[in-house]
Amino acid sequence: MLVTSRSYAEYEAMFDLKELPDSILDCCAGGSGFTAEAAARGVDAIAADPAYELETPELVDTVRRSLPAGSGIVDEHKGSFVWHWYGTPEQRDQHRIEAADRFLQDVMAAPERYVAAGLPELPFGDRRFELVLCSHLLFTWADKFDRAWHEAALRELIRVSNAEVRIFPLVLQGAGDQIPWLSEVLDALDGVTTEVRKVPYEFQAGANEMLVITRD
Ligand SMILES: C[S@@+](CC[C@H](N)C(=O)[O-])C[C@H]1O[C@@H](n2cnc3c(N)ncnc32)[C@H](O)[C@@H]1O
């Protein structure tokens, strides 16, 4: 799986973020610049990802290699992507390069913000974060992680959230196929309200919705 580096602006659009709450978990954060930027805005921001177990040179290499690899997926499925949000492939690359730089600087400057951990078990207390974000893991990689894993991962994301979990996108990577069991998995969750909400971001054609899970 790629350790990609989406930018703060991409997160802002994917999750339709208007105001940031006091504390945010980004799980799976990969090489994203979101946590660094949120922390710079005064948020208690934590990034979690199993990739943080890697030694620094290997992590740098993995994040840097994900940019051409990610572009390769886009090239393979050209007709499945739209460019109105990014403009051009070069502008998309620019987001990723700058976000990777921001991430790599922040990992060195504030390693305590970057926790090596993986779903479905996170080393955080119940209700630790006001908002929990998950970009491009759940549903995106449903060809690697099965439905039972998703159910456990959703419960864990909800457990560590005090108010809301937001997940984007709701389709498979590549051609953006639908997840046939998505609504059944959501119906099985207790103590929450779920909503599929439109966002001002689209890259995989038609993938312009996030899942918002609110604790009752
Ligand atoms: C496609 S990247 C997304 C990174 C970032 N959120 C972004 O949008 O650019 C997927 C990330 O999921 C991480 N990952 C893989 N298995 C995981 C797990 N069980 N729990 C949490 N993260 C995981 C990978 O290491 C990788 O960094």
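This is a predicted model: local features need pLDDT of at least 70, side-chain atom pairs count only at pLDDT 80 or more; totals for chains, interfaces and linings use all residues.
Local features need pLDDT of at least 70, side-chain atom pairs count only at pLDDT 80 or more, and totals for chains, interfaces and linings use all residues. Residues are numbered from 1 along each chain as its sequence is written, and side-chain values use heavy atoms, with hydrogens and water left out.

Start with the sheet. It is open and has 7 strands, in the order β3-β2-β1-β4-β5-β7-β6. The pairing is mixed. Strands here are DSSP runs of E with at least two residues, helices are runs of H or I with at least four, and both are numbered from the N terminus. Two strands pair if DSSP finds at least two bridges between them. The edges are β3 (114-115) and β6 (192-198), each pairing on one side only. Strands β1 (residues 23-27) and β2 (residues 44-48) run parallel, joined by 5 bridges. Within this pair, Cys 27 stands opposite Ala 48 of β2.

Now turn to the ligand. The space it takes is the largest pocket. A pocket, on a 1 Å grid over the protein atoms alone, is an open set of points where a 1.4 Å probe fits, with protein on both sides within 12 Å along at least five of seven lines. A molecule sits in one if more than half of its atoms lie within 2 Å of its grid points. Around the ligand are 21 residues, each with a heavy atom within 4 Å of it. The closest are Tyr 11, Cys 28, Asp 49, Leu 119 and Ser 135. The shell divides into 13 nonpolar, 6 polar and 2 charged residues. In this grouping Tyr and Cys count as nonpolar, Gly as polar, and Asp, Glu, Lys and Arg as charged.

Taken alone the ligand exposes 610 Å², of which the protein buries 93% (Shrake-Rupley method, 1.4 Å probe).

Finally, look at the loops. Most peptide bonds are trans, and most residues other than glycine have a negative phi. A cis bond joins Leu 119 and Pro 120, with omega about 10°. Pro 120 is in the loop between β3 and β4 (129-135). Arg 127 is also found between β3 and β4, and its phi is positive, about 55°. Another cis bond joins Phe 168 and Pro 169, with omega about -5°. Pro 169 lies in the loop between β5 (161-168) and α6 (182-187).

Key
On a 1 Å grid over the protein atoms alone, a cavity is a set of points where a 1.4 Å probe fits but cannot get out, and a pocket is an open set with protein on both sides within 12 Å along at least five of seven lines; lining residues have an atom within 4 Å of a point.
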